[in-house]
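Let me put the structure up, and then I'll walk you through a strand, some salt bridges and an interface.

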Amino acid sequence: MARTGIPPFERFYESHSGEVLAFLRRRAGRDRADDLFQETFLRALRAYGRLEHGEQLRAWVLTIATNAMVDAARRERPTIGLSVEPAGEAERPPIEELAPLTDDLPPKERAAVVLRYGYDLDYDAIGAALGSNEQAARQAASAGVRRLRKEKEQR
Amino acid sequence: MTGVPTILDERFRAAAAASGDLDVAYDVLDDTPVGPLLVGISDRGLCRVGFDPEPEAELERLARQFGPRVLRTPKALDRVRSELDEYFAGRRHAFDLDLDLRATPEFHRRVLEELNRVEYGHTTTYGALALQVGAPRAARAVGTVMNRNPLPIVLPCHRVVGANGSLTGYGGGLDRKEWLLRLEGAIL
């Protein structure tokens with residue numbers, strides 16, 4: 001019952017809504033951003049009661065925003081082929097291109113890949129967002145990329 | 001707000017209220033005759049009426065008592081707002097709202113239920129309330145219950161006065177107590 005450090009949702013929303021909207025507008029365009037904004041915070045609200053602690057809420061909500069974008073992109077282009085190279089360290093494809101690519105990855109690996117290469121978060125923040133740590137995040141991202149390469153070779 | 005257009009902000013708040021995922025929906029009524037009032041409802045009913053115009057501590061408390069999903073959603077408070085407006089205009093003498101007292105200890109709840117029978121325009125005493133809940137020596141404890149009443153105005157702790165008729169105290173300040181009793185015609 002006594003979960004520590006979780007602010008009332010109102011405070012969380014006030015602290016992060018501006019940044020989330022700006023993030024969504026940058027990544028998904030102004031038109032889509034409005035709907036994604038609402039979707040992001042409704043998802044956050046649903047999950048908020050199950051949070052164990054109030055740390056790294058910024059990374060957490062940006063992960064949710066990213067997932068909402070990925071899901072929307074998938075709905076819009078469900079049958080897209082493999083049109084871009086899997087991400088290497090040097091090239092960072094935009095989120096829309098990552099979305100259909102990472103569909104089949106296990107959730108943790110997918111989140112790590114999208115946050116690393118789509119959003120540029122460092123592994124520390126990704127670890128926090130995934131509820132693990134930097135090393136686990138690094139492993140998940142590289143496992144995800146390896147899996148993508150393998151899948152590509154098999155096609 | 002932090003760079004979110006009002007229309008988008010309001011749309012989210014309305015959707016959140018409709019989602020059923022909130023622990024507490026609240027609003028701050030800025031211009032009542034007794035000053036700003038924070039009012040909150042849960043899925044079970046009214047759970048907070050607060051005089052503190054700085055809601056920070058209130059929000060923390062609501063989050064602790066009912067869960068962290070506490071959001072300002074004016075629309076969800078429409079009914080509470082209109083009943084309070086009617087009361088302040090002298091047109092309503094009893095509230096017709098479900099109340100959520102689950103965060104209130106058992107003894108407090110018993111006293112508050114007894115308090116709820118004290119009618120508009122009437123007063124009672126701490127000692128009389130103590131007697132009515134079967135704890136005749138507990139007048140002081142009844143005072144504490146009044147002081148911590150989570151739903152002032154609606155649960156009318158302003159109607160409880162000292163044995164000699166003095167107003168004694170009020171969680172929201174004696175000025176407000178006096179104003180409310182004057183409104184109800186309990187004092188002239």
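Before the first stop, one cut-off: a residue is called buried when its relative accessible area is under 20%. Please also keep in mind that this is a predicted model.

So, how many residues of strand 2 of chain B are buried? Five of the five, across residues 37-41, so this strand is largely enclosed by the rest of the structure. In a regular strand, side chains alternate between the two faces of the sheet. Here both faces are covered: B:Leu37, B:Val39 and B:Ile41 are buried on one side, and B:Leu38 and B:Gly40 are buried on the other.

Now for the neighbours of that strand. Strand 1 of chain B, residues 24-29, runs antiparallel to strand 2 and is joined to it by five bridges. Strands 2 and 3 of chain B make a hairpin with four residues between them, and in the turn B:Gly45 has a positive phi of about 145 degrees.

On to the salt bridges. Side chains of opposite charge can pair when their charged atoms come close. Over all chains, the count here is 30 salt bridges. One of them is between A:Asp35 and B:Arg11, at 3.3 Å from N to O. A:Asp35 lies in helix 2 of chain A (residues 30-48) and B:Arg11 in helix 1 of chain B (residues 6-19), so this pair joins two chains. B:Arg11 counts as partly exposed, at 36% relative accessibility.

Another pair sits within chain A: A:Arg110 and A:Asp71 form a salt bridge, with their closest N and O atoms 3.8 Å apart. Since A:Arg110 belongs to helix 5 (residues 107-118) and A:Asp71 to helix 3 (residues 57-76) of chain A, the pair ties together parts that are 39 residues apart in sequence. Are these two buried or exposed? A:Arg110 counts as buried at 13% relative accessibility, and A:Asp71 counts as buried at 14%.

In chain B, B:Asp78 and B:Lys75 form a salt bridge too, with the closest N and O atoms 3.4 Å apart. B:Asp78 is partly exposed at 34% relative accessible area, while B:Lys75 is exposed at 61%. Back in chain A, salt bridges with shared partners join A:Glu39, A:Arg43, A:Asp71, A:Arg74 and A:Arg110 into one network.

Last stop, the interface. The contact takes 28 residues from chain B and 24 residues from chain A. Together the chains bury about 2100 Å², with 62% of that on carbon and sulfur atoms. Between chain B and chain A there are four salt bridges, and one example is B:Glu56 with A:Arg11, at 2.7 Å from N to O. Nine residue pairs are in polar contact between the two chains.

Which elements give two or more residues to the side of chain B that touches chain A? They are helix 1, helix 2 (56-66) and strand 4 (70-72) of chain B. Helix 1 of chain B gives the largest share, eight residues. By type, that side of chain B divides into 15 nonpolar, four polar and nine charged residues.

That's my tour, and I'm happy to take questions.

Key
Residues are numbered from 1 along each chain as its sequence is written. Chains are lettered from A and ligands numbered from 1 in the order in which they are written. This is a predicted model: local features need pLDDT of at least 70, side-chain atom pairs count only at pLDDT 80 or more; totals for chains, interfaces and linings use all residues. Side-chain values use heavy atoms; hydrogens and water are left out. Buried means under 20% relative accessible area, exposed over 50%, partly exposed in between (1.4 Å probe, protein chains only). Two strands pair if DSSP finds at least two bridges between them. A salt bridge is a side-chain nitrogen of Lys or Arg within 4 Å of a carboxyl oxygen of Asp or Glu. Contact means heavy atoms within 4.5 Å. Buried area is the accessible area (1.4 Å probe) that two parts lose on being put together, summed over both. A polar contact is a pair of N or O atoms within 3.5 Å; within protein, one must be able to donate a hydrogen and the other to accept it, and residues adjacent in sequence count only if both atoms are side-chain atoms. Ala, Val, Leu, Ile, Met, Phe, Trp, Tyr, Cys and Pro count as nonpolar, Asp, Glu, Lys and Arg as charged, and the others, Gly among them, as polar.
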